[in-house]
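Could you take a look at this one with me?

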Amino acid sequence: MKYIHSICFALAVLMMGSAFADTQKLVLTGSSTVAPLALEIGKRFEQRNPGVRVDVQTGGSTRGVNDARTGLADIGMASRALKSDEGDLTSYRIAMDGIGIILHRDNPVHELSDGQIRAIYTGKITNWKSLGGTDQKITVVNKAAGRSTLELFLHHFKLNNREVRPHVIIGDNQQGIKTVAGNVGAIGYVSIGTAEYEQTYGTPIRLLGMNGVAATVDNVREAHFPLSRPLNLVSTGAPNPLAQQFISFAQSQAVDDLVTAQYFVPSAR
Amino acid sequence: MIWSRHNTSSLARADTALTRVTGSIALAVAVLLGLVLMLLIKESGAVLAEGGWIRFFNSDGWYPQSGEYNLLPMLWATLAASLGALLIALPLGVMSAVFSRFYAPVWMVSPLRRIMMLLAGIPSVVYGLWGLTVLVPLVGSWMPPGSSLLSAIFILALMILPTVSLTSEAALTAVSPASLQGAAALGLSRKGIVLGVAIPEARAGIMTGALLATMRALGETMAVLMVAGNVVQTPGSLFDSVRVLTANIALEMPYATGDHRAALFASGLLLMMIVTLLAWLAGRQQAGDERGHAHA
């Protein structure tokens with residue numbers, strides 16, 4: 001018994017030692033919107049490259065940019081384009097995130113301006129009548145705090161979540177679509193990918209265009225749609241070979257299914 | 001009673017082994033509960049220690065981004081939804097139990113019980129889907145937006161009805177035949193027997209069932225999350241959108257960090273305290289019942 005134990009122990013030490021010797025670690029930090037996607041991509045990357053460990057930490061786009069700059073992280077994650085004073089970094093787009101305003105299909109209103117949407121969400125307009133619709137109370141559907149969709153929506157319409165007067169708060173996209181589909185007076189916003197899919201398959205919702213641009217996945221991919229943003233990986237001018245390999249992998253077609261599964265849109269190639 | 005005593009003279013090896021296995025499993029369950037409680041306290045410790053628990057009751061509202069964590073509106077919503085559900089489910093459940101125990105034709109009793117068991121076994125997310133696609137639009141056509149305290153009460157009532165009904169039926173079945181026969185011999189009508197003898201004698205059992213059902217209602221998450229609307233506000237009317245504590249945890253936990261996360265754990269702790277209190281009440285109820293029977 002004793003021998004077996006010591007042999008096992010020796011083997012374990014050997015294996016661990018060799019594993020540590022070969023392990024290369026890749027650290028990604030930044031945007032909590034990109035993180036879940038990066039985590040999934042990282043898992044697949046680990047599978048294909050044994051001995052590599054991908055470590056993903058969140059902390060916001062700004063942290064991602066700072067960490068990439070100082071070298072604390074090999075790669076930063078940012079859910080926005082780089083600013084003009086961040087020219088020392090290079091960004092690599094891995095996906096687009098776009099959200100669309102949805103109404104019930106039977107709602108006669110076909111277009112809303114940014115100002116009108118802001119007025120609806122702050123409770124200044126409470127009936128569809130004043131927007132050219134029927135005499136019906138507006139049900140405002142908002143997202144739960146912390147969701148990236150909420151952040152993008154509030155940022156685009158320059159709203160503070162405290163000003164928003166919601167009637168229903170939802171968690172995921174599906175719940176939002178079902179809520180709007182079941183209430184003719186409802187207005188909500190969800191990921192365009194999901195909404196387009198549901199609309200095609202007969203769910204009674206309608207995606208509204210914005211500023212004359214139709215809310216379609218194609219327009220999000222081409223970055224034409226106003227309510228969309230790029231999801232980027234950022235790094236300094238010369239990332240190390242492993243980081244470079246990861247970035248190319250994250251931009252390749254091999255991860256399109258992961259991107260779609262998170263309701264993002266794979267970027268144009 | 002003799003067979004349940006340890007027969008020390010010929011305690012078989014198998015018995016010793018079984019005693020140890022069952023004993024350690026029982027112990028493990030208790031330890032697990034203790035660990036869950038410890039985890040809740042540890043994870044919520046950050047917020048509890050620095051801001052004090054008072055922060056959960058006197059903040060401006062629930063604004064995790066700016067560090068304001070008022071749990072009161074959600075606590076009221078949770079209690080209102082559970083209590084409302086109980087007010088609907090208790091009479092209905094007791095009545096259905098009375099029917100199947102005293103009035104139903106024999107061939108109906110067993111299918112009825114099976115249906116109740118099936119109802120009890122339906123996953124809550126299915127109730128939620130039904131609520132979201134049928135109940136909410138229905139309530140909404142009457143009083144928009146439909147996602148409201150009332151919808152939550154209806155869904156919860158439907159979910160706890162089988163529990164109430166099955167436990168009530170068990171309690172009614174446990175009423176001693178002697179009491180029922182005695183009442184019948186005194187010439188009481190069936191209505192008189194049910195209202196005057198059976199239900200009073202089964203009261204403790206029915207109440208225990210009601211407490212268990214309330215615990216389920218308090219802890220229910222998915223179905224309520226889908227129909228209640230989830231706006232954090234103290235319910236002023238049945239048609240207000242409300243958020244219950246469990247839904248709050250489910251909605252925000254995936255994205256919560258730091259103090260926000262700790263506050264969610266604290267709301268879990270609060271829920272657990274309420275449920276523990278109810279469990280204690282249920283235990284007391286039962287103990288009282290047993291004492292009562294012993295004296296009788």
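Here are my notes, going from chain A to one helix of chain B.

1. Before anything else, keep in mind that this is a predicted model. Every value below is computed from it.

2. Along its principal axes, the C-alpha trace spans about 85 × 50 × 35 Å.

3. Take the contacts between residues at least 6 apart: 70% of them join residues at least 24 apart.

4. Next, find strand β1 of chain A, residues 24–30, which runs parallel to strand β2 of chain A, residues 52–58, with seven bridges joining the two. If you want one pair to look for, A:L28 has A:V56 as its bridge partner in β2(A). Between β1(A) and β2(A) the chain passes through helix α2 of chain A, residues 35–48, and this β-α-β crossover is right-handed.

5. β1(A) also pairs with strand β3 of chain A, residues 75–78, again in parallel, through three bridges.

6. Now over to chain B, and helix α6, residues 149–173. How far does this helix reach from its first C-alpha to its last? For its 25 residues the span is 35 Å, close to the 36 Å expected at 1.5 Å a residue. Still, α6(B) has a kink of about 35° at B:I160, shortly before the proline B:P162. The helix is mostly covered, too, with 23 of its 25 residues buried.

Conventions:
Residues are numbered from 1 along each chain as its sequence is written. Chains are lettered from A and ligands numbered from 1 in the order in which they are written. This is a predicted model: local features need pLDDT of at least 70, side-chain atom pairs count only at pLDDT 80 or more; totals for chains, interfaces and linings use all residues. Two strands pair if DSSP finds at least two bridges between them. Helices (H or I, at least four residues) and strands (E, at least two) are DSSP runs, numbered from the N terminus. A crossover is right-handed if, with the strands pointing away from the viewer, the path from the first strand over the helix to the second runs clockwise. Two residues are in contact if their C-beta atoms, placed from the backbone, lie within 7 Å. The expected span of a helix is 1.5 Å times one less than its number of residues. The bend at a residue is the angle between axes fitted to the seven residues ending there and the seven starting there. A residue is buried if 20 or more other C-beta atoms lie within 10 Å of its own, exposed if 12 or fewer, and partly exposed in between; C-beta atoms are placed from the backbone.
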